[in-house]
Amino acid sequence: MTFRRYHPAVASAALSLLLGAAGQTFAQAPAGQAPAGQAAMNMADHRGGIRGTVRDANNATIANSAVAAVDVKTGARFEALTDAQGTYAFPALPVGSYNVTVVAAGATAFRRQGVDVTADQNVQLDITLDAASAAQAADAERQELLQQVTELKQRVTDLESNTVLSEPETRVRRVEVFVDENGNEHEEQVPGSKPAVTYRRERVYRRQTISEKLEEALADAEEHNVKIGVDAAITTQFAKRTQGGDPYIDNRAYALASADLFFTAGIAQNTIFFADIVALSGSPPDAEIPSLTLLNGYTARLERQNELNLREVWLRTELFSQRLALTTGRLDLTNYFDANALSNDESTQFLSDALVNNQMLGLGSNGTGFAAEFDPKNGFRLKFGLQQSNNDATNLSESLFTLSEVGYTFTPFSLPEGSYRFWFRTDNSSLDTRKGTGISIDQKLTNAVGVFARYGTQDLEDDGRDHYWSTGVGFQHGLIFNPQDTWGIGYAQMDLETGDREKLVEGYYNLLLTERLRLSFHLSHVLDRPAEGEKFGYLLPGVRLQASF
Amino acid sequence: MFNVARRIISGLFIAAVAAGAAATGIEAQGVKITDPTSVVMIVNRDSNDIGFMDIKTNKMIANVFLGNNVNPHMVMMSPDGRYVVTGGTRANKAYIIDTRTLQLVKVIPTDIAPEHLAFSPDSRWYYQGNPDGDSISVIDMQSLSKIKTIPGFVEPLNVTFLPDGSKAYIGNYGAHWVGVVDVRRHELLKKIQVGSIPSVAKLDPAKYLGEIKGINIAAPSIDGRYLYAADSDLAVVGVIDTREDKVIKTIRVGKDPWRIYMSHDGKYGITANNGDETISIIDTKSNSVAATLEAGPAMTGINFAGGKAYVISSTSGFVYVYDMSSLKPAGRIKIGTNIQLETATTDTQDRKIYLAESTNHEVVIIDSKDNSLTRVKNVGLYPWGTHIMDSKDNYCH
C-alpha cells in the first residue's frame, strides 16, 4: 500500500539547525532495552515505559519497524525496533509527555502526540500502520512545521530589526565636578573642594541603525563646514514711454544679471562669519531713464560691470541669552532697518527700489560699520547701527551714518500680527541731508492679505524737507495659482524740496516653480515731474528669474 | 467564665488584626504607587527604562528597566491608571508595567520600530504605531496580548481615538492622508487626504520625490468633533469633520509644520513651522490663522500652561513663550547652552511643565506662574519625553 505522505525531513533538519532545537537522540535500543546512556540515570530516579505491537492494515505484525519516542519538553529522542512478533518497548523513559512515531519506507507512517508516561507505569500503545494513521501523522508534522516556520519568521524579523550598530555610542558632556586641594576630582562636594567644570566622555547604550549613524555623521560634517549659498537673478525689462518726448528714450529693452555668493561659518559659540561676493552684468533701465528712484532694485548693487565685488563681510555674535546681537564689518546697514515684511526684497517682491527701500534712509553704499539689535522676544525690538557712508572719506568722523529703530509686533483689533517701526537717522557726510525719520508698517488683514505703508522725511540745510511715502497690498495664500506663490501691488511717491516729484506704481506676481527657483512678472509705471524740464512717464513690463540655494 | 470568654474573643480579635496587618504589610511592600496621578513618567531612551518621579517632592521613585538596547520612545499610562506602556523602538516590542507595583508584567512583540501609541478611552485597547513596519499593533489590555496587526499605513506616527472610542485616526508621516480605523473590527476604513499636491510639484523632484514629510497627528478639537491635521510638505492644516470623515477646510500655515498642538480651552491650535521658524496660531472658531509669530529652530513641542503657550526649540536651548490672550510673544526662557531639549508634559493644574532635557539627563520644571525653573537631575540616561496621567499635553516627538 502506498501512502501519500508529507515528507518534511530536509526542511525539518534545516529548521532545527536554524532554531537551535535541543533534540538529543539516544542510541537505538533493541526492544526491551533502555536507551544507551540512560543506565546511570535509571538508578537515580523513577521511570515509566511505553510498549505495544506494530501491525499493518491487515493486522499482521511488522518486524524491525523503527519506533521513536520524543520527549515533548526536552526534545530527548528514544528509539526502538520491533522484534519478530512486532512488539516494541521503551521500558525506562523519564516521566513526561512523548510524541511517538513510526517511520516506514522513509516516511512517517504513524504519529501519536502527547503520550503521558508516569513513574513505574507502562503505557500500552498498539500501533496500526494504515492510510488513516499515515494521514494523521502527516497532518501533525505539517502543523509542527508551520509552527517552526512561524518561529523562524519571528526570528528573522528580530534579526532584521536588530541589524543595527549595537556597539556603545559615546558622547561628550560638560559636567560639574568638585576638585580638592590635591587636584583630586570628586563627583560630590567634599571638604576643601571647589566646583569646577570639565568635559567628559560618557558611554550610552543606544542602538542606532546604519542610516541613523550616517545621517548623524553627515549632519555633523555639515555643521563644521563653511556653508555656501547662491542667489542669482536675471531681470529683463522693457521701457515704453507714456509721457514726454525727446530727449527721453522710448521702446528699449534692458537686462541685468546678478549673482551673489554667500559664505557662512560658525566660528564660536553663537558667533558666525558671513561674506557676500556679488557680480553684476548688464544694463538696467536706470542707465537711461532719469527717474528719481531706481526702476530696478538690483541697480543699487551695480558698482562695476562684470567684476566681483565684496559686498558684505562681517562677524555676528549674540550675547545675553542671545537677546543682543552685535554685527561688525563691512555692512549694508539698511538690511537691519525698516525690514518691512511685504516690500523689502528686490529678489522676491517688488522690483522698483521705491517699493523695496524707504528712500529717506539715505545710504548709498555699503561700508565699514556696526549694528546692534536687541530682541527680548516679547514683541519689542531696538536697533542701532552706524556705518561709514562715504568709502572715499579718509576718516570715519566725517562720514558717519547712524540709524536707530524701535519696532513692535502685536495683533491689534483682532487682526493677525502686524509690525510697526519708527526709525531715525543722522548723516554727517553731506551738508544738506543731515537727519531723517520714518515709519514702516506691515499689517496682515487676514492670513492671505496684508497691507504695508512707509513714510520717510529728511530735513535739509535750508529748512526744507524731502518726503517719501509708499503703500500697497500683498497676497500670500489667496488668489494664487500655486500654494507658495505671492503677489502684490504697491504705490510710491516722492516729493523733494527741490520741486522734483515722482509717482510709481508696480504690480508683481511671483511664481514658485521649485523650492529654489522663482519666476516673477512685473508691470510698473513711473511718472516723473522734474523741477526743471518736461515730465516723463514710462510703462515697464518685466520678468525676473531668481534662483536661490 | 465571662472573663475567660472575653479573653478568648480578644485573643482571636488581636490574632485576626495581627494577621490582617501582616497581610496588609506584605501587600504594601509590593505597592509603589497608590495614586497614578501622583507621578511624572519619564522615558529614558539610553538607559532603557521608565522613570517615575513623585510630582509633589520631585524625587525619583523608581526606574523600571526594560532590557538592553530597548530604547523606549514614548510612555503613556492607561486612562484607568492601571498600566504604563511604552514601545521599545530598537527591540520591536511593547512593554507593559503595572502601575501599582512598577513591575514589568508583559513584553509583547510588535512590528518594526514601535514609537508613538494611544489608548482607547475605555482603556481596553492599546494601539502601538510601528513607523518602520507601516502598521499598528492592537494590544488587548484585558488579556495583555497582541490580537492584531493592522497593516496598510505609511509611517504611522500618532493615533487619536474619538471620545466614544468608536474610531481611531492615524497620522501617516510618509503620506498625505489620515487613516480612519474602525476600533470594533480594528480595520483601516478609509484614507482622508488633507491637501492636494501643487501642480508645480513635478518640477521639484528634490522636494517631492525625496523624503516625504506628511502628517504627524490628527489632533482633536475639545469636543472631539473635529480633527486638525498638519501636513509638513504641503504646509497646510486640514480640518476633518469626524462625523463624515471628510476635510471641511484647508488652512495654509507656515513652512514645514511639524504638527499641531491644541490649546486646553480649545480656542486655538498652534503649528510649529520648522521650515521658517514660526508658529501659526489657528482660531478654531473661524478655522483661520489668527497670527503667525516668530519662533525658534527645530521645534519639538508646544505646551500650554497659565494662559501661555510654551514652544520648545530643541537645538537652541530656549523655550519661546506666547501670551494666548493677546496672541503676541511673551519672551523666551533659556534652559541652557549646548543642550538638547526634547518634549514635555503639563500637569493637570495647567501650571507646571515637565521638560525632558537629554544632554544633562534631567527634567526641567517650568512654573508658568513666574517662568521659574527647577531642575531634577539624573532621572535616567537621555530622557526623551515625559507623561502625566490626565494631562492635556501628552505627546512625543
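Predicted model: local features only at pLDDT ≥ 70, side-chain atom pairs only at ≥ 80, totals over all residues.

Me: How many bridges join strand 18 of chain B to strand 19 of chain B?

Reply: Six bridges, and the two strands run antiparallel. Strand 18 covers residues 236-241 and strand 19 covers residues 246-252. They make a hairpin with four residues between them.

Me: Which residue in that turn has a positive phi?

Reply: Asp245(B), with a phi of about 50 degrees.

Me: OK, on to sheets in chain B. What is the order of the four strands in the open sheet?

Reply: The order is 20-21-22-23, with antiparallel pairing. Strand 20 (257-262) and strand 23 (288-294) of chain B are at the edges with a single partner strand each, so each has one side without a neighbour in the sheet. From one strand to the next, the twist averages 20 degrees.

Me: And how many bridges are there between strand 20 and strand 21 of chain B?

Reply: Four, in the antiparallel sense, with strand 21 spanning residues 268-273. Within that strand, Ile270(B) is the residue opposite Tyr261(B).

Me: What holds paired strands together in general?

Reply: Strands of a sheet pair through backbone hydrogen bonds, parallel or antiparallel.

Me: What pLDDT does chain B average?

Reply: Chain B averages 92, and 93% of its residues score at least 70. Residues 1-27 of chain B are another matter: the pLDDT there is below 50, and the stretch has zero contacts in the model beyond near neighbours in sequence.

Me: Switching to chain A as a whole. How many helices and strands are there?

Reply: Four helices and 29 strands. Chain A has 549 residues, and 31% of them are buried. Of the contacts in chain A between residues at least 6 apart in sequence, 59% link residues at least 24 apart.

Me: What domains does the assignment give for chain A?

Reply: Domain 1 (9-161), domain 2 (169-215) and domain 3 (226-548). Taken over C-alpha atoms, the centres of domain 1 and domain 3 of chain A are 90 Å apart.

Me: You mentioned strand 11 of chain A. Which sheet is it in?

Reply: An open one of three strands in chain A, with the order 12-11-13 and antiparallel pairing. Strand 12 (185-186) and strand 13 (194-204) of chain A are the edge strands, each pairing on one side only. Strand 11 (residues 169-179) pairs with strand 12 of chain A over two bridges, and His186(A) in strand 12 is the bridge partner of Phe178(A).

Me: Last one: where is Ser321(A)?

Reply: In the loop between strand 17 (309-319) and strand 18 (324-331) of chain A. Ser321(A) counts as partly exposed because it has 15 C-beta neighbours inside 10 Å. Its C-alpha is 55 Å from the C-alpha of Lys535(A), which lies 214 residues away along the chain.

Methods. Residues numbered from 1 in each chain as written. Chains lettered and ligands numbered in written order. Buried ≥ 20, exposed ≤ 12 C-beta atoms within 10 Å, placed from the backbone. Pairing = 2+ DSSP bridges. Domains from an automatic or database assignment. Contact = placed C-beta atoms within 7 Å. Axes fitted to C-alpha atoms, helices over the stretch in contact; angles between N-to-C directions. pLDDT = per-residue confidence, 0-100.
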